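Hi there,

Here is the structure I promised to pass on. My notes follow below it.

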Amino acid sequence: MGALGNLLAFIVAISVLVAVHEYGHYIVGRWAGMKVLRFSIGFGKPIWTRIGGKDQTEYCISAIPLGGYVRFLDTREGPIPEEDEGRAFNQRPVPHRIAVLLAGPFFNFLFAIIAYWALFVYGIPTLVPAVGGVEPGSYAAEAGLQQGDRIVAVGGQDTADWESALVAMLDHMVADGSVPLTLEADDGWQRDVAIDVGDDARRLTEPGMLFEGIGFRPFGPGDLPADIGRVEDDGPAKSAGLQAGDRIVAVDGEPVADFQDLVDLVQPRANKEVTIEFLRDGQSLATTLVVQEQLVEGQVRGRLGVARGGDFNQYYYQRRYGPVESLSHAMARTWTSTVFTLRMLGRMLTGDVSIKNISGPINIAQFAGESAQRGLDYFLGFLAIVSISLGVLNLLPIPVLDGGQIVYQSIEGIKGSPLSEKAQIMGQQIGIFALILLMSFAFYNDLARIFG
């Protein structure tokens, strides 16, 4: 999906999540007896407006799709009609105002629960967390990880999928520089190991660095043993006597642990004679052949003329539950993601986690486009994650966000009168500065990812 597709997916994602957030403020505000003057998706000049309801509320879609707002009647903005007396935001009881402010983030969390519920009912495509290739001399190799090991638990916490495994791995790694794993081999034997990264933990929290830094990749189809599933009639493997079911174990004496190894060894050997060692019915055999050449994207690469065999389905399944069970799983997933987000934000402030993880609109747009291209289920999962992030972000005690306004209202409830106008203005200025600083980091990280 190109830049335009990413942009469209981003606009759809932000519009949906902002509408959910603002609807929380809107509906609870109405329940609390407040008058709503405007409900806007986006900022700036309205490009579509409808006026409706007994309060003649303006419902708008505005030109800049990077947020939205609900405008309540407020005496601080000027005199109000006599018939609306008592319906202004600042005239309602403090608990009502706090409920309205909490409603936006709450609806973001509620959206995530509903999205995960729908995914669990429909079925989530799930990869079993398993170890692919292990880099010699790496942290993973020193800990004894082996290709094909399944990660059944991290620190005693069961891991049914990569998402839960990654969250637990990062959590333990940042906490004390060690990742305790329970691994299961193909024969069912389980063992406990610990990947010790020490003071290198912060570097490994940078985007894309975890697997590279630890030294292993997630298990994929290329990590299956080099079993031949099909021999093509026009390839050199056919004339050399290779058959479906054979397992290639070496090329010119170099060991082949998986199908990716086979590809890596064969591609550079176009038009060269090689010796292929393989297993057939437990017997070790060998044959010689000349690797055929093929043109791929303007480059000459070697090929044997075989298709991959093996069963990757044992590492891939659909997680599906009934409607009631799906609700408990959805709530648990939302809670886990929320707590993890809060922990990572806190550890960014303490310097334990790299601030390069802060993403701006460019990076979010790329993720939105990629998830939309992969299908509705992936896009819905993406929306759930971003919705949780928005909920957490808006609860931070920054004056221009819901969390900061909740602090203001709580202080008013305790002391019996609002903060002084000077204190509120100062708080708003600090909040705006904090948001500008945050967005600057986000844009810098986005550009750094693009330009390296």
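**Aromatic pairs and a buried arginine**

This is a predicted model, in which local features need pLDDT of at least 70 and side-chain atom pairs count only at pLDDT 80 or more, while totals for chains, interfaces and linings use all residues. Residues are numbered from 1 along each chain as its sequence is written, and side-chain values use heavy atoms, leaving out hydrogens and water.

Let me start with the rings. The whole structure holds twelve aromatic pairs (Phe, Tyr or the six-membered ring of Trp, centres within 6.5 Å; planes under 30 degrees apart are stacked, over 60 edge-to-face, the rest tilted). Tyr23 and Tyr26 make a tilted pair, because their planes meet at 35°, with the centres 5.9 Å apart. Both sit in helix H1 (residues 3-31), three residues apart, so about one helical turn separates them. (Helices are DSSP runs of H or I, at least four residues; strands are runs of E, at least two; both are numbered from the N terminus.) Tyr26 is buried at 7% relative accessibility, whereas Tyr23, at 37%, is partly exposed (buried is under 20% relative accessible area, exposed over 50%, partly exposed in between; 1.4 Å probe, protein chains only). Phe211 and Phe216 pair edge-to-face, at 5.3 Å between centres and 75° between planes.

Now for the arginine. Arg269 lies in the loop between helix H8 (259-266) and strand S13 (273-280), and counts as buried because its relative accessibility is 16%. Beyond its neighbours within four places in sequence, Arg269 contacts Val251, Asp252, Glu254, Val274 and Val291 (heavy atoms within 4.5 Å).

Best wishes
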